[in-house]
Amino acid sequence: MTAQGRVFAYARVSTLGQTVAGQLQEIAAAGFQPPEYRVVSETISGSIPAMQRPEFARLVDRLEPGDILVVSKLDRLGRDAIDVTETVSRLSKIPVRVHCLALGGTDLTSSSGQLTMNVLNAVAQFERDLLRERTSAGLAAAKAKGKKLGRPPALSKTQETDAIRRLKRGESVSSVARLFNVSRATIIRLRNA
């Protein structure tokens, strides 16, 4: 597309049943024609930070100043807004231009790209804050209705009494834990309470 830098494409899917073909078609339709050896794809969960993905990390090592990295969507670059921001920041220091087709081909390392990233980060933070508020309100409402919050006890009151009795008789923590099919930590907490 440009004579100024080499063009690389990065495509990612989360599971083996998926294919990167659609992403690569979008990149080609946008006018980017990287040679096959500059097209990097991998099958890895989006929950893995970008720089911890083996193929993406190798791709970054190959990039040189002036190169162009093209992705179809922002989520291909990172697991969340913070990861995407850190990844783009790292790439801008090479400096590499990062084009995201879903954002109209915006170069994320440009001034307008940074503005777009800041707006997206603000929206993501707003959504996280709303979720926290809703969760807190839901927990408070449940507590007000008398619901017991947290994990249910591993042992019933009868089992707790029996376990304490066994410990006092000299049975080991491990044997009591096996008997009630709970962890040693559960029995230790009960003993120490």
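Trainee: Before we start, what is pLDDT?
Mentor: pLDDT is the predictor's confidence in each residue, from 0 to 100. This is a predicted model, and its chain averages a pLDDT of 89, with 98% of the residues scoring at least 70.

Trainee: How do β3 and β4 pair, parallel or antiparallel?
Mentor: β3 (residues 68-71) and β4 (residues 97-100) pair in the parallel sense, over 4 bridges. The chain gets from β3 to β4 through helix α3 (residues 81-92), and this β-α-β crossover is right-handed.

Trainee: Which residues of β4 stand opposite Leu69 and Val70?
Mentor: Leu69 stands opposite Val98, and Val70 stands opposite His99.

Trainee: And what is the bridge partner of His99 in β5?
Mentor: Asp107 is the partner of His99 there. β4 and β5 (residues 106-107) pair in the antiparallel sense over 2 bridges.

Trainee: How many residues lie between β4 and β5 in that hairpin?
Mentor: There are 5 residues between the two strands, and Gly104 in the turn has a positive phi of about 75°.

Trainee: Switching to packing. How many residues are in the largest nonpolar core?
Mentor: That core has 19 residues, and those with the most contacts inside it are Tyr10, Phe56, Leu59, Leu69, Leu77, Leu91 and Leu108. Two or more residues each come from β1 (7-13), α2 (54-62), β3, α3 and β4.

Trainee: What does Leu77 touch?
Mentor: Not counting residues up to four places away in sequence, Leu77 touches Ala50, Arg53, Phe56, Leu69, Val71, Asp83, Val84, Thr87, Val88, Val98 and Leu108.

Trainee: How many residues are in the other core?
Mentor: Another core, of 10 residues, lies apart from the largest one and includes Leu155, Ala163, Leu167 and Ile187.

Trainee: Now α6. Which of its residues are buried?
Mentor: In α6 (residues 173-180), the buried residues are Val173, Val176, Ala177 and Phe180. They cover an arc of only 100° around the axis, so they are on the same side of α6.

Trainee: What covers them?
Mentor: The cover includes α5 (157-168) and α7 (184-192). Just after α6, Asn181 takes a positive phi of about 60°.

Trainee: Which residues is Ser72 in contact with?
Mentor: Leaving aside neighbours within four places in sequence, Ser72 is in contact with Gln23, Glu26, Ile27, Cys100, Leu101 and Ala102.

Trainee: And Leu16, buried or exposed?
Mentor: Leu16 counts as exposed, because its relative accessibility is 79% and exposed means over 50%. Leu16 is in the loop between β1 and α1 (21-29).

Trainee: What separates the C-alpha atoms of Leu16 and Thr43?
Mentor: These C-alpha atoms are separated by 6.5 Å, with Leu16 and Thr43 being 27 residues apart along the chain.

Conventions
Residues are numbered from 1 along each chain as its sequence is written. This is a predicted model: local features need pLDDT of at least 70, side-chain atom pairs count only at pLDDT 80 or more; totals for chains, interfaces and linings use all residues. Side-chain values use heavy atoms; hydrogens and water are left out. Buried means under 20% relative accessible area, exposed over 50%, partly exposed in between (1.4 Å probe, protein chains only). The arc is that of the directions from the helix axis to the C-beta atoms. Contact means heavy atoms within 4.5 Å. Two strands pair if DSSP finds at least two bridges between them. A crossover is right-handed if, with the strands pointing away from the viewer, the path from the first strand over the helix to the second runs clockwise. A nonpolar core is a set of buried Ala, Val, Leu, Ile, Met, Phe, Trp, Tyr and Cys residues joined through side-chain atoms within 4.5 Å.
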